[in-house]
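Reader: I would like to go through this model with you, one question at a time. Could you show it to me?

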Amino acid sequence: MNTYQESEYNSRFNWRLWWSLLKQAMPQRGKIIALSIVMVFNALVDAIIPLLTRYGIDHMIIPKRYDGIVGLGLIYLGVILFQFVMVYLLIDLAGRVETGMNFDLRRVCYRKLQSMSFSYYDRTPTGWIVARLGSDISRLGDVVAWGIVDLVWGIAVLIFTLGVVFTLSWKLALIIVCLLPVIAFISIKFQMKMLKSYRLVRKFNSMITSSIGEGIHGAKTTKTLVREEANLTEFQELNRNMYRHSVKAATASALFMPLVLMVSSLGTGLVVWRGGSAVLAGAIGFGTLVAFINYAMQLFEPISNVARLFAEMQSAQAAAERVFSLLELQPEIVDSISFDEKWKARSMHLPISLRDVSFAYKEGKPVFDHFNLEIAAGESIALVGETGTGKTTLVNLICRFYEPVSGSILIGDRDYTQVPLHWIHSNIGYVQQVPHLFQGSVLENIRYGRLDATDDEVKEAARIVRADEFIQNLPENYDYKVGEAGNLLSTGQKQLIAFARVVLADPALLILDEATASIDTETEQLVQEAIHRVLAGRTGIIVAHRLSTIRQVDRILLLHKGEIIETGSHPELMRRKGRYHQLYMNQFMQEAAETELLKEA
Amino acid sequence: MSSFRFILTYMKRLKLKYLLAILCIIIAACFSFTTPLIIRFTVDNVLGKKPIDLPLGIDGSFLGDGFVSFVRANLWLAALAIVLISVIAHSFTFLRGKISAQVSEELARRLRTALYDHIQRLPYAWHSKVQTGDIIQRCTSDVDTIRRFVGLQLVQLGRGIFMSLLIIPIMLSMNVRMTLISTVVVPIIFVYAYVFFRQVRKRFQAADEAEGYMTTVLEESLNGIRVVRAFAREDFEVNRFESAADDYRAKCRKLITILAYYWASSDALCLLQIASVFIFGIGWTIRGNLSLGTLLAFSTYIGMLLWPIREMGRILTDLGRASVSIGRLREILDTPTEEMQGSHCILPGTRLKGRIEFRKLSFAYDPANPILKGVDLNIAAGETIAILGATGSGKSTLVNLIPRLFDNYSGKILIDGIELEAYNRQELRRQIGIVLQEPFLYSRSIADNIGIAVPGIERERIEEVARESALYESVSEFEQGFDTVIGERGITLSGGQRQRTAISRALAHDPAILILDDALSAVDSETEQEIQRNLLRRKGRATTIIITHRLTGVSVADRIVVLEHGRIAQMGSHSELIEQPGVYRRIWNIQHQLELEAI
């Protein structure tokens with residue numbers, strides 16, 4: 001869990017990272033250049049308007065001359081029209097850059113995710129990935145697009161303003177130059193502080209969110225354990241912290257603008273004082289004084305914009321790091337062969353052999369060590385054994401959800417790393433212990449097995465696995481919406497639908513991993529019959545706890561700590577009177593014992 | 001209006017503070033209007049040598065010519081005044097910000113606490129119906145909307161109103177014609193902002209929905225990654241996600257284009273207002289109707305007025321959102337909570353005997369679809385009962401009624417001879433341990449989870465119950481043993497381990513009634529047997545109800561009840577039931593006979 005908590009504040013500016021981000025923005029470069037040009041023009045207008053004022057005062061009001069007022073008005077109108085176009089272009093272009101970048105990043109990340117193997121998903125919580133593709137990417141698009149706006153505009157306004165003020169009066173210009181570092185210092189300092197505190201607020205906010213989530217998910221448990229007061233006390237503690245940090249953050253941000261404005265009023269004051277004296281001395285006109293007052297008042301804006309941008313880049317850096325960590329992932333399973341028409345036509349009705357296969361999820365804890373197994377085409381085998389002996393791992397290896405650390409797995413006579421992954425997966429039907437359904441109707445969920453199946457084919461598949469009966473009893477039958485992750489159905493019902501889905505897919509290799517554990521006995525028996533019917537003509541691998549459900553398979557493998565300790569058909573194994581016999585008798589005896597017990601009672 | 005009253009009930013002892021914030025707004029506004037007047041005074045009277053005329057009809061003669069020439073000689077005084085006034089005005093702005101943040105954050109805190117508390121006390125029927133995401137959103141986003149409304153938007157509205165109320169008289173007193181010119185576009189800008197943001201709200205919503213849909217698609221495909229892979233549906237999922245992401249992009253783009261038009265035109269309107277003040281001002285100044293200082297004051301005031309008023313237009317469209325949010329919170333808070341009290345008290349430290357009687361018990365979640373149809377069943381204190389039945393036969397519903405998770409049943413349920421409704425819910429629940437098929441574990445350590453209902457439980461006791469539920473060994477294999485914290489959605493524990501943790505938790509508080517609702521479905525058969533042996537050993541300690549699909553589950557039971565379509569189809573000991581034709585014998589034959597054959 002710890003590795004997935006929001007990374008701590010990283011104060012070093014990572015140039016390389018931003019450079020790679022800019023490279024990701026390459027498809028948008030035309031728009032970015034256009035946007036920069038627009039921003040320069042925008043800055044030009046902002047720097048010019050006080051000059052218009054100055055002209056009006058010095059050349060019309062003071063000499064009391066009317067002529068030129070129409071011209072000035074027209075110039076003003078021209079500026080307004082120009083600004084209208086520029087503002088429109090600025091927002092539209094920035095929006096294009098932002099949404100375009102977001103979309104590209106999402107697409108690249110999602111494709112990368114599809115290439116990652118299961119070991120990645122075992123380590124990485126879904127919520128973490130969703131946050132990367134959601135808010136983190138939005139953040140990056142936002143920072144890049146609007147960052148360019150702020151940066152180009154801010155720098156251009158500063159340059160234009162400094163150019164203008166130095167041309168007008170270098171003495172007064174010095175006042176403005178002196179204020180620059182003060183405003184810059186306050187801006188950077190406060191923006192950083194605000195960012196840090198809002199980061200804390202967000203952290204508490206997400207804690208509160210998950211606490212509320214737990215409160216609802218766990219409502220039944222909370223009620224039956226009478227935990228209401230204890231939960232509330234814990235929540236209030238969290239809530240108090242949230243309050244404290246929110247107020248702290250809000251106070252810092254409430255202080256920022258007033259402080260900057262106080263400093264810039266210092267500029268105004270100094271300009272009025274020194275500029276006023278200059279006017280009295282006749283060194284400058286009223287217009288110049290007024291222009292200076294305007295410049296002094298506007299000065300804080302470009303600086304605080306740029307400061308905010310840098311602060312935001314600091315915070316977005318964490319988002320960028322996380323997104324790039326996702327982009328730079330190396331898939332552990334690489335599909336080297338492309339899935340073409342030739343492969344599409346090829347059947348996987350082939351023997352599967354595991355040769356000297358070793359595998360470990362974690363180094364030093366091997367699940368399999370030089371494991372060997374041959375499965376004939378069309379053979380059905382059952383894997384039995386205690387929890388944690390590697391039954392599901394074996395299945396995952398055969399499906400190439402994981403690849404062996406050493407040794408090889410052959411499909412036919414080919415190492416399966418030399419065939420397209422897609423081909424393997426399109427020939428496998430895999431029903432999990434806890435099946436996953438998608439939000440949507442029953443029909444859609446079954447059809448997931450074969451996307452071009454007709455409604456009738458879907459219903460036929462449901463009939464084969466005996467799911468039809470309960471589906472007919474649902475409020476809208478096949479159109480019943482199964483809810484988030486299928487939660488409106490019971491586990492047993494989900495298993496039936498997952499089974500129907502697989503039957504529809506008509507795979508060469510069928511894998512049932514505890515697939516009928518939650519179905520009630522009577523239905524299970526029907527499903528068992530269906531399983532054996534469906535298995536005809538396919539290779540089948542069944543993982544089961546209940547030994548009575550697998551007697552009809554061709555071969556049973558009894559696994560213990562990553563090794564096959566017994567193998568054979570049910571009658572063979574029973575005759576051998578080994579561990580399987582013991583296990584079977586144990587299960588059987590228990591029921592016999594239960595009969596005895598009940599007779600005593 | 002009722003929304004307003006709702007907010008007020010959560011503002012106890014905050015109202016005065018809020019008024020203080022409003023006072024700060026007024027003071028700050030008053031002071032910030034003074035700066036342009038000082039500049040006007042400096043330009044007109046000090047630098048321009050005109051006679052003093054103060055706005056609002058204040059007689060300026062008391063200042064006298066001596067004062068003006070003193071300032072002229074010491075111009076730094078004007079500078080000092082500008083800085084001082086700015087310091088005062090902005091200090092009050094800061095205070096306003098701080099106080100309103102305190103008030104609104106406290107309000108948010110109160111709302112969150114109230115919601116959390118209320119949600120916990122709502123009947124379980126409510127929890128089983130709602131969408132978790134929706135409720136979380138109400139507790140976070142909607143609370144935040146209200147917080148921003150009180151802490152920012154209302155304050156900005158107030159500021160806009162006070163600004164206009166103060167600026168316009170000052171401007172009028174300086175020059176009426178100029179005031180008219182200065183304010184002619186302002187109302188248009190206000191109305192434009194208001195109308196625009198009202199119109200565009202739907203597009204914001206559309207973009208939000210597109211984003212939500214994209215997230216759902218993403219979440220689903222990640223959660224179902226095994227299914228996606230197993231069916232080789234990567235391309236299908238990539239297309240699905242990309243079309244969702246593309247739709248989101250398109251909606252955003254559309255929104256941004258409209259916003260671009262708006263901001264461009266609104267900016268142009270503002271500039272038009274500034275330009276007209278400037279051009280007309282120049283004309284009148286040349287004619288002598290206006291002084292240069294007054295013109296400057298007007299152009300500063302216009303800047304002060306324009307932006308807040310444009311913001312007001314936008315905020316007004318947001319008011320609707322706040323009242324919608326309030327409505328959504330009230331929907332939760334107005335739902336009646338469970339009635340906790342009961343006439344019958346279970347004294348602390350006493351233990352129920354655990355005799356349970358169901359009499360003609362019927363129940364339906366929805367009247368059209370009855371689940372239980374007249375169940376009659378007596379369970380003796382200390383007896384162990386197994387309930388068998390197909391999915392949907394009403395097994396879980398029956399046991400959920402015992403801890404009063406649902407009301408509105410007809411018929412009677414008696415525990416120790418006393419009507420269920422007479423018990424205090426919480427006191428009753430403390431006597432019951434219930435384990436679910438898909439148990440919920442809190443995201444804390446395993447030890448905490450086991451001991452969660454027993455304050456001050458000792459470690460030995462935790463380990464003891466863990467042994468009883470065959471959990472001890474698996475947990476000991478974890479690096480941190482019982483201190484292992486259960487991660488996101490309990491990802492570090494397998495289904496069987498979760499079930500066994502939940503069993504330990506139920507055993508830890510030694511309940512008088514123990515209910516296992518298909519609680520061993522994910523446990524392998526050897527472990528299942530071990531747990532059953534342990535359950536057998538503590539038989540009689542608690543009235544035990546075991547719901548199961550498997551006959552192995554009934555081995556510890558004194559009596560077996562077979563439910564079928566909400567009715568008791570069969571009841572009796574194993575040997576009795578095996579003699580009767582019926583569901584039980586059928587199940588027995590399926591599970592038992594087949595195994596006999598196989599040997």
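Reader: How many residues does the contact take from chain B and from chain A?

Author: Happy to start there, with a word on the model itself. This is a predicted model, in which local features need pLDDT of at least 70 and side-chain atom pairs count only at pLDDT 80 or more, while totals for chains, interfaces and linings use all residues. Residues are numbered from 1 along each chain as its sequence is written, and chains are lettered from A and ligands numbered from 1 in the order in which they are written. Counting two residues as in contact if their C-beta atoms, placed from the backbone, lie within 7 Å, the contact takes 130 residues from chain B and 132 residues from chain A.

Reader: Which helix gives the most to the side of chain B that touches chain A?

Author: Helices (H or I, at least four residues) and strands (E, at least two) are DSSP runs, numbered from the N terminus. By class, this side of chain B has 65 nonpolar, 38 polar and 27 charged residues; here Ala, Val, Leu, Ile, Met, Phe, Trp, Tyr, Cys and Pro count as nonpolar, Asp, Glu, Lys and Arg as charged, and the others, Gly among them, as polar. With 30 residues, the element that gives the most is helix α11 (residues 234-287) of chain B.

Reader: What separates the centres of domain 1 and domain 2 of chain A?

Author: The bounds come from an automatic or database domain assignment. Chain A is divided into domain 1 (2-8 + 20-327), domain 2 (339-427 + 508-601) and domain 3 (433-506). Taken over C-alpha atoms, the centres of domain 1 and domain 2 of chain A are separated by 59 Å.

Reader: What radius of gyration does chain A have?

Author: Along its principal axes, the C-alpha trace of chain A spans about 120 × 65 × 50 Å. The radius of gyration is taken over C-alpha atoms, and the globule rule is 2.2 Å times the number of residues to the power 0.38. A compact globule of 601 residues would have a value near 25 Å, but chain A has 36 Å.

Reader: At what angle do helix α6 and helix α10 of chain A pack?

Author: Residues of α6(A), including L180(A), I183(A) and A184(A), meet residues of α10(A), including F300(A), I303(A) and S304(A). The residues of this contact divide into 11 nonpolar, five polar and two charged. Axes are lines fitted to C-alpha atoms, for helices over the stretch in contact, and angles run from 0 to 180 degrees between N-to-C directions. With their axes 8 Å apart, helix α6 (residues 170-217) of chain A and helix α10 (residues 300-327) of chain A pack at an angle of about 35°.
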